[in-house]
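Subject: Structure for your review

Dear colleague,

Please find below the structure I would like to hand over to you, followed by an account of what was found in it.

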Amino acid sequence: MTFYQELQLSSAGSKNLIRSTTDKKEKRRHILIYNFKVYLVVAFCVVFVTLFSKTLGNDNSIVGVVVLLAVLVLRQADFGIKTSHGLLSIAGIFGILIVGPRLTNMVNPVAAFGINIVCILLLMILGCHNVIMSNHSTYVLSYLLLQGYDVSGHAYVIRIIGLLVGMGICMAVFYKDQRNRRYRRTFADLFREFDLHSTRSRWYVRLTLLVSTALLIMSLLNLPRAMWAGIACMSVCVPFSQDIKNRAKLRAPFNIVGSLIFLVMYTLLPEWMYPYIGIIGGIGVGYSAGYAWQTVFNTFGALSIATNLFGLGAAVALRIGMNVFGAVYTVVFDKIVSGIAAVSNRQKMLEV
């Protein structure tokens, strides 16, 4: 395996390669490449987001995060349709990201609930046809982040420009890396194949309603950082019920672990190191092959920002509360939906 090929491996892939290598010299080489890759990715992410922040302003630094997430995904994943038609999907996704989050912050919670249903379902249809790739975790996450870090006025105009530039970057990266893939399916097939009798389409609807109702509940309770509950629900709501239970068992406890580690770090570290806690979290995510420890380290960046807004204690309590709610609510919601589906199936069998 070449140096470049090793750089393309996931964290789990690199760790498996290191474990399976018996030659000590080769093992050291793989370890060095793995460490280099982690810090290279973190450095690239920091530089990329910083450039967007400097250009668009700190209020719009989240645009850099959104575009970065999309670029990293589109290098590896296609939409299961012709590459030229995939460009239409990218345009549709960014159109939703430009309009949807802003609209939800301009209306009351009930109206926002309706907008969320439409936007999230469209994001699922446009970007998540290949369930295995888990693309929803990028596009829906981006939607929720833009919603949570909302801007208005001139800053929103700048946000639109930034997202349009980001869309152009994503299209260029996607076409370069995916142009040789051959598909007969078209953009219209993404909508034609939406069928509530299919497991995939039912998952689209379940996740859409789950995340939208979670956001509605948080908004009606007038709690800040409602997006955290939505992100937790989205993360736990995978296509199959047993996997949902397994994720929920990890999401809540390891968010608590991550929040407590952050609390200790924030208390013990000197103040000048606070801005670097998020970077430490990014490095930790790079070394994490499993969902549990990725969950731990993902808390660092979120809490670094929230602590400046709400104070340390309130931010930690809010983070834990939102994620525990999201994990529990997803399991309960899935049981209710599965129960309704089971009753409906029994009635159909009796009618037959």
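The model is a predicted one, and a search of the whole structure finds 17 aromatic pairs in it. One of them is formed by Phe 297 and Phe 300: the ring centres lie 5.7 Å apart and the planes stand at 80°, so the pair is edge-to-face, the cut-off for that class being over 60 degrees.

Both residues belong to helix 14 (residues 291-310), where they are 3 residues apart, about one turn of the helix. Their accessibility is as follows. Phe 297 has a relative accessible area of 21% and is therefore partly exposed, since buried means under 20%. Phe 300, at 2% relative accessibility, counts as buried.

Helix 5 (residues 83-104) packs against helix 6 (residues 109-127) with the axes 10 Å apart and at an angle of about 165°. Helix 5 is therefore roughly antiparallel to helix 6, as angles over 145 degrees are classed in this way. The crossing of helix 5 past helix 6 is left-handed. On the helix 5 side, the contact involves Ser 89, Gly 92, Ile 93, Ile 96, Gly 100, Leu 103 and Thr 104. These meet Ala 112, Ile 115, Asn 116, Cys 119, Leu 122, Leu 123, Leu 126 and Gly 127 of helix 6. Sorted by class, the contact of helix 5 with helix 6 comprises 9 nonpolar and 6 polar residues, with no charged residues.

The other packing is that of helix 2 (residues 11-20) and helix 3 (residues 24-56), whose axes come within 9 Å and cross at roughly 165°. It follows that helix 2 runs roughly antiparallel to helix 3. Helix 2 likewise passes helix 3 in a left-handed crossing. Helix 2 contributes Ser 11, Ser 14, Lys 15, Leu 17, Ile 18 and Arg 19 to the contact, and helix 3 contributes Lys 27, His 30, Ile 31, Tyr 34 and Lys 37. By class, the contact of helix 2 with helix 3 holds 4 nonpolar, 3 polar and 4 charged residues.

With kind regards

Note on methods
Residues are numbered from 1 along each chain as its sequence is written. This is a predicted model: local features need pLDDT of at least 70, side-chain atom pairs count only at pLDDT 80 or more; totals for chains, interfaces and linings use all residues. Side-chain values use heavy atoms; hydrogens and water are left out. Axes are lines fitted to C-alpha atoms, for helices over the stretch in contact, and angles run from 0 to 180 degrees between N-to-C directions. Helices (H or I, at least four residues) and strands (E, at least two) are DSSP runs, numbered from the N terminus. Angles under 35 degrees count as roughly parallel, over 145 as roughly antiparallel, 65 to 115 as roughly perpendicular and the rest as oblique. A crossing is left-handed if the near helix is turned anticlockwise from the far one by less than a right angle, and right-handed if clockwise. Contact means heavy atoms within 4.5 Å. Ala, Val, Leu, Ile, Met, Phe, Trp, Tyr, Cys and Pro count as nonpolar, Asp, Glu, Lys and Arg as charged, and the others, Gly among them, as polar. Rings of Phe, Tyr and Trp (its six-membered ring) pair if their centres lie within 6.5 Å; planes under 30 degrees apart count as stacked, over 60 as edge-to-face and the rest as tilted. Buried means under 20% relative accessible area, exposed over 50%, partly exposed in between (1.4 Å probe, protein chains only).
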